[in-house]
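Thanks for coming. I will go through one model this morning, from the whole chain down to a few side chains.

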Amino acid sequence: TILFFIFSQNIMGVFSWGGDLTSGESELLNVSSRILFFAQLFFLFSAFSSGILQSFGKFTAVAASPIVFNLVVIFFTLILVPRFGVLGASWATVIGALCHFLVQVPALLSVGFFYKPVINLKDKLLAEIGTLFIPRTFSLVSDQLAALFLTSLSLSLSASSVVIFSFAQRLELIPVVLFGSAFAQASFAPLSKSAQTNSSEF
């Protein structure tokens with residue numbers, strides 16, 4: 001996130017190649033992107049807390065987070081956009097991302113979570129997690145790069161093409177989020193416990 005914040009102008013220049021943006025539009029894109037990078041930090045904390053809560057079978061706060069996020073974004077967008085324009089929507093997203101994480105904090109405390117800054121590179125669990133998350137990271141990076149390329153391609157056609165493409169992607173993800181992701185998140189914790197205890201039910 002820090003690297004993207006520092007080099008946002010260069011990165012946005014690469015991925016907005018199809019838009020033929022004016023200098024003012026390019027600067028607006030750059031500033032807006034830098035603001036939105038703050039939201040990614042809060043989403044990072046939220047993703048970490050979601051994993052902890054799901055491992056304890058606590059799904060209420062995790063499920064409430066995106067609902068709160070959307071409501072907060074809509075509320076602050078209506079307040080900030082008339083005064084700050086597009087940048088108001090960016091700041092509304094940052095506030096929503098913060099609330100996305102804060103909703104989970106009480107549940108984290110209820111399961112006894114306490115952060116202690118310890119770095120042990122020889123820890124076996126840390127090495128195992130590193131081995132498991134690398135393939136997932138490559139998968140997510142490839143998805144994001146594909147989305148950026150397709151968005152840039154849509155931008156080369158017209159601004160409305162970007163809106164239509166984004167809307168189509170949202171519609172595509174509805175069955176995945178409603179059924180696939182919901183089932184996977186709910187079943188992951190008990191399946192992991194069954195596998196760890198060598199249960200025949202697994």
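Of the 202 residues in the chain, 22% count as buried, where buried means under 20% relative accessible area, exposed means over 50%, and partly exposed is what lies in between, with a 1.4 Å probe and protein chains only. This is a predicted model, so to speak of local features we need pLDDT of at least 70, and side-chain atom pairs count only at pLDDT 80 or more, while totals for chains, interfaces and linings use all residues. Residues are numbered from 1 along each chain as its sequence is written, and side-chain values use heavy atoms, with hydrogens and water left out.

On confidence: pLDDT is the predictor's confidence in each residue, from 0 to 100. The chain has a mean of 77, and 69% of its residues reach 70 or more. Helix α2, residues 8–15, has the lowest confidence, with a mean of 62, and α5 has the highest, at 93.

The secondary structure consists of 8 helices and 0 strands. These are DSSP runs numbered from the N terminus: H or I over at least four residues for helices, E over at least two for strands.

Next, contacts, meaning heavy atoms within 4.5 Å. Taking the contacts between residues at least 6 apart in sequence, 69% join residues at least 24 apart.

The chain exposes about 14400 Å², with carbon and sulfur atoms supplying 72% of that. Accessible areas come from the Shrake-Rupley method with a 1.4 Å probe, and for residues only the protein chains shown count as cover.

Which residues form a nonpolar patch on the surface? They are Phe38, Leu41, Leu44, Phe45 and Trp91, with about 480 Å² of accessible area together. The largest share, 4 residues, comes from α3, while Trp91 sits in helix α5. Patches are built from residues with over 30% relative accessible area and no salt bridge, joining like charges within 9 Å and nonpolar side chains (Val, Leu, Ile, Met, Phe, Trp, Tyr) within 5 Å. A salt bridge here is a side-chain nitrogen of Lys or Arg within 4 Å of a carboxyl oxygen of Asp or Glu.

Now the aromatic pairs. Rings of Phe, Tyr and Trp (its six-membered ring) pair if their centres lie within 6.5 Å; planes under 30 degrees apart are stacked, over 60 edge-to-face, and the rest tilted. By this rule there are 5 aromatic pairs. One of them is Phe38 with Trp91, which is stacked, at 6.5 Å centre to centre and 20° between the planes. This pair links distant parts of the chain, 53 residues apart: Phe38 is in helix α3, residues 23–55, and Trp91 is in helix α5, residues 86–102. Phe38 is partly exposed at 37% relative accessible area, and Trp91 is partly exposed at 40%.

Phe43 and Phe69 form an edge-to-face pair, 5.4 Å centre to centre with 65° between the planes. That pair also joins distant parts of the chain, from Phe43 in α3 to Phe69 in α4, residues 60–84, 26 residues apart. Phe43 is partly exposed at 25%, whereas Phe69 is buried at 17%.

Leaving aside neighbours within four places in sequence, Ser49 is in contact with Phe101, Gln104 and Leu108.

Ala64 is in helix α4 and is partly exposed, at 26% relative accessibility.
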